[in-house]
Amino acid sequence: MKLGCIGDDFTGSSDLANTLAKEGMRTTQYTGVPAHDADPSVEAGVVALKSRSIAPQEAVRKSLEALEWLRAQGCTQFFFKYCSTFDSTPQGNIGPVADALAEVLEAHRVIVCPAFPGTGRSVYQGHLFVNDVLLSESGMQNHPLTPMTDPDLRRWLGQQSSHIVGHVGAEAVFQGAGAIAAALAAQQAAGHRHIVVDAIRDADLRAIGAAARDLRLITGGSGVALGLPANFGCVAGAVPWQGQDGRAIALSGSCSTATRAQVVQHALSHPTREIIVADVIEGRLTVQDMADWLLEQTGVPLAYSSADPEEVRRVQDRFGRDRAAAALEGFFAEVAQLARARGATRIITAGGETSGAVVEGLGLTTFEIGPEIDPGVPALRAGSDLVVALKSGNFGAPDFFAKADGVLAG
């Protein structure tokens, strides 16, 4: 293994694995830290954690365990993957984890770049944009767990990290890898360990990747990984895939603007059913009820709890944020378990927490990376008769659920 990656959620990890596979690296995604060594054929290993929204000290512990395993596989470079919308609170977990990884690896020049132009995320003058608006005006300010109210990455990361955060601006980035490397060295000399790097085009990301050839640690969204496989002599090519027949179900717990629009679109031609959180908590809707409904439908039936921000706040006020989140995650996990036991072979999920709950509930440990469904979302084979798609809330075209099933089916 050459490149060792740590993802802070399952959807983001599959996003990164997708990028590396498309760029020619033999990539495998693992759920949690494996109990065994990797297959010798693996060039890039992605250890997917569910650490984005847990206590910072626990996120650090899990990430360091993953790092220890990856180092034991022989990796020479490491990548810490977080969301392209920099999902975090003022306490973490991006800063504490990046600090801990940098300390163990003795990395003193650490790139911070969540840009992903393919999905509309760009970094300019240290600020994160989603399409043509600042992050704080994109809908992410309403996220139920990690509301993003400040688009200045230097300022936001500065609250989380023990280090002063530096910046390499677009002027240097546009000049290519040599100028970026020189700017990174200057930032390190000025006392900055974590360095936000501007990027608005894929060409910028590839140049940043080339500049990072000799760096021990890179952090960011999957976009900045575009340029890394070439450093290991890999060449981009088609990703092989064998489709899966059988029954499909879709489960959505994301409350993002993109996912809510996808739910509306899907309802025009496929069965959909809303999950009311109060009904789950108070026992009016059972796992058996929902699994029965999903498996009685034709097409790609979708069960969703993708409410608007006002409804999410009302639920949190009534039941408490943690109780509501735990109830939904547990419900989705058990529905997936029962549907799988009764013959579901294609499972599509939307939302990082929902996807993590389903993956853990099904006991899935290793994913073979397939072709891209939409930017940032690959098809994944989890077993001889099970394929899945794990979508981050803000990703995907309006017809994502039906499109995903088409790719999974082959």
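Helix 11 and helix 13 of this predicted model are oblique to each other, a term for angles that are not under 35 degrees (roughly parallel), over 145 (roughly antiparallel) or 65 to 115 (roughly perpendicular). The axes of helix 11 (residues 287-296) and helix 13 (residues 321-341) cross at roughly 50° and come within 9 Å; axes are lines fitted to C-alpha atoms over the stretch in contact, with angles from 0 to 180 degrees between N-to-C directions. The crossing is right-handed, the near helix being turned clockwise from the far one by less than a right angle.

In contact (heavy atoms within 4.5 Å) are V287, Q288, M290, A291, L294 and L295 of helix 11 with F331, E334, V335, L338 and A339 of helix 13. By class, this contact comprises nine nonpolar residues, one polar and one charged.

The protein has 15 helices and 18 strands, taken as DSSP runs of H or I (at least four residues) and of E (at least two). Its radius of gyration, over C-alpha atoms, is 20 Å, close to the 22 Å from the globule rule for 410 residues, so the protein is as compact as a globular protein of that length; the rule is 2.2 Å times the number of residues to the power 0.38. The C-alpha trace spans about 60 × 45 × 35 Å along its principal axes. Of the 410 residues, 58% are buried, that is, under 20% relative accessible area with a 1.4 Å probe.

Residues are numbered from 1 along each chain as its sequence is written. Local features need pLDDT of at least 70, side-chain atom pairs count only at pLDDT 80 or more, totals for chains, interfaces and linings use all residues, and side-chain values use heavy atoms, without hydrogens and water.

Methods. Nonpolar A, V, L, I, M, F, W, Y, C, P; charged D, E, K, R; others polar. Buried < 20%, exposed > 50% of the residue type's maximum accessible area, 1.4 Å probe, protein only.
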